[in-house]
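Please have the sequence and the structure at hand while reading.

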Amino acid sequence: MRTPVNRAPELGRVLPASDTAGRGREGAVVAAAFVVCLLGGTVRVEDTLTAPPLAGWLLALVSCAVLPARRRRPLAVLAATTAAGVAAQPLGLVLSPPVIAPALVAAYACALGLPGERRAAGAAVLASVALLAGSVPLDGNLSWRDASRMGSVAAAPLVAWLVGHAVRTRRAYLAAVEERARRAEESRELEARRRVAEERVRIARELHDLVAHQITLANAQATVAAHFFDSRPEQTRVSLRELVETTGHALDELRATVGLLRQTGDADTAAGEGPAPGLARLPDLLESFRRAGLEVAVRQQGRARALPPGVDLTAYRIVQEALTNVTKHAAGRGARVGLDWGGGLLTVTVADDGGAPGGPPALSDRPPGYGLIGMRERAAAVGGELTAGSRPEGGFLVTARLPLPPVRDVAADGEGTGRTPGATDGGRTA
């Protein structure tokens, strides 16, 4: 059996502060209009003051009784209060601005509440015309005093409408300012989130390139040492020494990267970390892969130019990551690096031979990571593009096309030779 629900209002229920304040303002406005209208009824034609007659009380009560509905029905309330004002003279009262105080409140509400400005202005004009007609003396004798009173009665609703229109315009302006401030705050938050996301991707990319390269080399050197442990002890010792050197470099680079992440923006501190790696360090990079057992050949076409730091770092990281993938996943133990400085682009290619392994087994059983994604992101960040895929003759090919600076920025060290340091005529690393 369902228990009946008592839907009667609770006694002593506390209203919200906003509702209480709104009802208080509403009561104050109605009370003030009632008092002003009642006081207006005390004025006589002879400019004498008497006690409010019964007609004055009746007019004040009727015209103020409809004021609470002015926000829902502004035109109807304005019509009712205007009609009450027009009835003032037939009731024996002097039609003056105080008597039509409820009509002024209604005209102000029309200026605030009606959707169109023309509708509110037209309603105020009609109310002014009606009150002007209702203020004409019934006996037909028009004096200067009557004319001034008629003019003030006709102008009062228009003044109330102008005040309401000004208030409405200011409220709309303040609302627009608040909306712009809110949107600006949202835009700042979205921009901050976007920058945080981009920074996280950049940090992840740098750490991936660093860790993947150094750890892959260390793994390859350890594999070589394990492979020749019994048959070639000298080679094992060489591989272990190279492993120690590689892990030491990895720790140094990781320490430098973490130091960059902890920087607070001090230019002196940033300058002390040294330049970012670029193609000038390509011989050292190729030598590290050669020590890990990967035979790398490099060939260059065209004249080398000085690269912007971002493009230089991108080219270096793409070669580094591509050779790291060859070390981890390729079956063969050879790779070719190509640098083509032509057509306004630096075209970087890295291809493995796709042949059978000639030494220790490659790390082909490693699951794929984010190397290709990171290389594409790096190329796109500097306005280039990167493609990667299998070759018909076997192996894997990575091709990156990076934009070059104007010809006037030709690198001084490559001018006249068109070679990258570390490359020979045969394209073999020194």
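The text below goes through salt bridges, then a network, then one glutamine.

**Salt bridges**

The model is predicted. Across the whole structure, a search finds 10 salt bridges.

| Salt bridge | N to O distance |
|---|---|
| R182 and E179 | 2.3 Å |
| E191 and R194 | 2.3 Å |
| E393 and R391 | 3.2 Å |

**Pairs in helix α6**

Helix α6 covers residues 144-227, and both R182 and E179 belong to this helix. The two residues are three positions apart, which is about one turn of the helix. Their side chains meet in a salt bridge.

The side chains of E191 and R194 meet at 2.3 Å, N to O. E191 is partly exposed, at a relative accessible area of 27%. R194, with 36% relative accessibility, is partly exposed as well.

**The pair E393 and R391**

In this pair, the side chains of E393 and R391 meet in a salt bridge at 3.2 Å, N to O. R391, in contrast, is buried, with a relative accessible area of 14%. The two partners fall into these classes because buried means under 20% and exposed means over 50%.

Salt bridges can also share partners: in this way E179, R182, R183 and E186 are joined into one network. The pair R182 and E179, described above, has both of its residues in this network.

**A buried glutamine**

Where does Q320 lie? Q320 is found in helix α10, which covers residues 309-329. Its relative accessible area is 2%, so Q320 is buried. What does the side chain of Q320 contact? The side chain of Q320 makes a polar contact with the side chain of R317, at 2.9 Å.

Technical notes
Residues are numbered from 1 along each chain as its sequence is written. This is a predicted model: local features need pLDDT of at least 70, side-chain atom pairs count only at pLDDT 80 or more; totals for chains, interfaces and linings use all residues. Side-chain values use heavy atoms; hydrogens and water are left out. A salt bridge is a side-chain nitrogen of Lys or Arg within 4 Å of a carboxyl oxygen of Asp or Glu. Helices (H or I, at least four residues) and strands (E, at least two) are DSSP runs, numbered from the N terminus. Buried means under 20% relative accessible area, exposed over 50%, partly exposed in between (1.4 Å probe, protein chains only). A polar contact is a pair of N or O atoms within 3.5 Å; within protein, one must be able to donate a hydrogen and the other to accept it, and residues adjacent in sequence count only if both atoms are side-chain atoms.
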